[in-house]
Amino acid sequence: MKGDHVLKRFNRLQWKLTISYMLTSVVVLCLLELLVMLIGLVVSNTQGQARLESHAQNLAQMVGSTLSVDKIGQQRLQAIWKMSHDSDATFQGYLAAIDGHGRVSVAAGDVAPAAGSPLLPQLPASVQQILATDPASPLPEGQRAHTIFVQDNVYVVTPLLEGEKSRGALVVRIYVGSRALWMDLFLFFGVRAVVFFIGAGMVGLAFGIVTARGLVRRLQTIVSAVDGWSQGDFSLFVQDASRDELGQLARRLNQMAQQLQQLLRTRQDLATVEERQRLARDLHDSVKQQVFAVSLHVSTTRALMERNPTAAQTQLAKAENLIRQAQRELTTLIRELRPVGLEGKNLAEAVRQYTRIWQEQTGIPLELEMANDASVPLVIENALFRIIQEGLSNVERHSEATAVRIQLTCTDRIKLAITDNGRGFDGQRKDYRGVGLSSMRERIQALNGQIEIQSEPGKGTTITVSCEQPGEEIV
């Protein structure tokens, strides 16, 4: 579990940016270092060839063209080679004096050929070509020896003279030992590369932490504001005055928040106006007409009170019935104005209480079926409760039904069905606008849901609405 927690920390944007900066820095700096190394190797190789050539020519010059091929000459060669090797032990090779037939007369060195052995077969073709002719003849004026580079070896061929006549040649072969070369390469590449990798990694890590921290901090400011907007608080704004892309994003998000806030206010105002218009229509269609009828019955009662008391009593009884109807209408309207969110109940509890009171007041039997009393976002809860109120109000006023059934299911998809056995209407007419039906459509469409109305004359009505459960995306 602890390992998973550590891995989750590295999934954060700050660490992703830090690691990417570090890797980028290491790769770029290493490429630059490799370029510098290549340049250094080229320079070093050029200087190494010049060093080899100079060393070999110095040896040839020290031996001279009058080397004797006896025991004294052998000792001289060995002394010269020992002195040269003591000055720089990395050089290896040999000094060999050969006669006109290409056989070794005297020799000294690390890999010196044996005296009397043929040397020509062991030499490269370019060196053999020089020795096949008189080594002294092709030399330009002022030049004392031939210098030939073959791979990592340098050969210097200088003539051995006896008076004006050539009696052989001195062959000098010099190369740098392989062990010394590998050691130099290891020291050049290995140690420097390790130090460079560590330094580049530390620089990239520090740069990544500093840069990513500021960037993540700015993104967290945006996330905090967006969290507030998702909860309906559009008074929060992203404070970022920079002119880069994040600053431009922050300003556009602030503009969007202001527009959403204005849109919500406009929508609330329209909803208030719509609710007032519906309330005015309901009062006009019910309570106002009933009060007007009561006033007529009271006027008739006053006229009949002295002439016909019995008829006057009848008019008063009718007036009392109308008053009770008006009282029920007002009670219904007042109950509809009370938001379900203020009741301290969830949708299921509020529907149970409302349908029980409605059944007692209207005397119409109501069957309620509810499944999965899951929590529902408040905006959906209020809309469904209003739809139930409007649906039952239509049943009470217009359907002449003797039974009602409500089915409510709250799962991933919320579904509500209101069915009555009333007189129904022609549901195929597209221009039909029943009381409250338009309001139901508007409420469920605001939730990105669907509504279906099935009705035929004499066969009752079924109203089915449904919408998705996630309420975070609904404004």
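Colleague: How many aromatic pairs does the count come to?
Modeller: One aromatic pair. The rule takes rings of Phe, Tyr and Trp (its six-membered ring) with centres within 6.5 Å; planes under 30 degrees apart are stacked, over 60 edge-to-face and the rest tilted. This is a predicted model, where local features need pLDDT of at least 70 and side-chain atom pairs pLDDT 80 or more, while totals for chains, interfaces and linings use all residues. Residues are numbered from 1 along each chain as its sequence is written, and side-chain values use heavy atoms, without hydrogens and water.

Colleague: Which residues form the pair, and with what geometry?
Modeller: Tyrosine 354 and phenylalanine 385, edge-to-face, at 5.5 Å centre to centre and 70 degrees between the planes.

Colleague: Where in the chain do they sit?
Modeller: Tyrosine 354 is in helix H8 (residues 347-362) and phenylalanine 385 in helix H9 (residues 378-399), 31 residues apart. Helices (H or I, at least four residues) and strands (E, at least two) are DSSP runs, numbered from the N terminus.

Colleague: Is tyrosine 354 buried or exposed?
Modeller: Buried, because its relative accessibility is 4%. Phenylalanine 385, at 7%, also counts as buried. Buried means under 20% relative accessible area, exposed over 50%, partly exposed in between (1.4 Å probe, protein chains only).

Colleague: Switching to H10. Which of its residues are buried?
Modeller: In H10 (residues 437-446), Leu437, Ser439, Met440 and Ile444. They fall within an arc of 155 degrees seen down the axis, so they line one face of the helix. The arc uses directions from the helix axis to the C-beta atoms.
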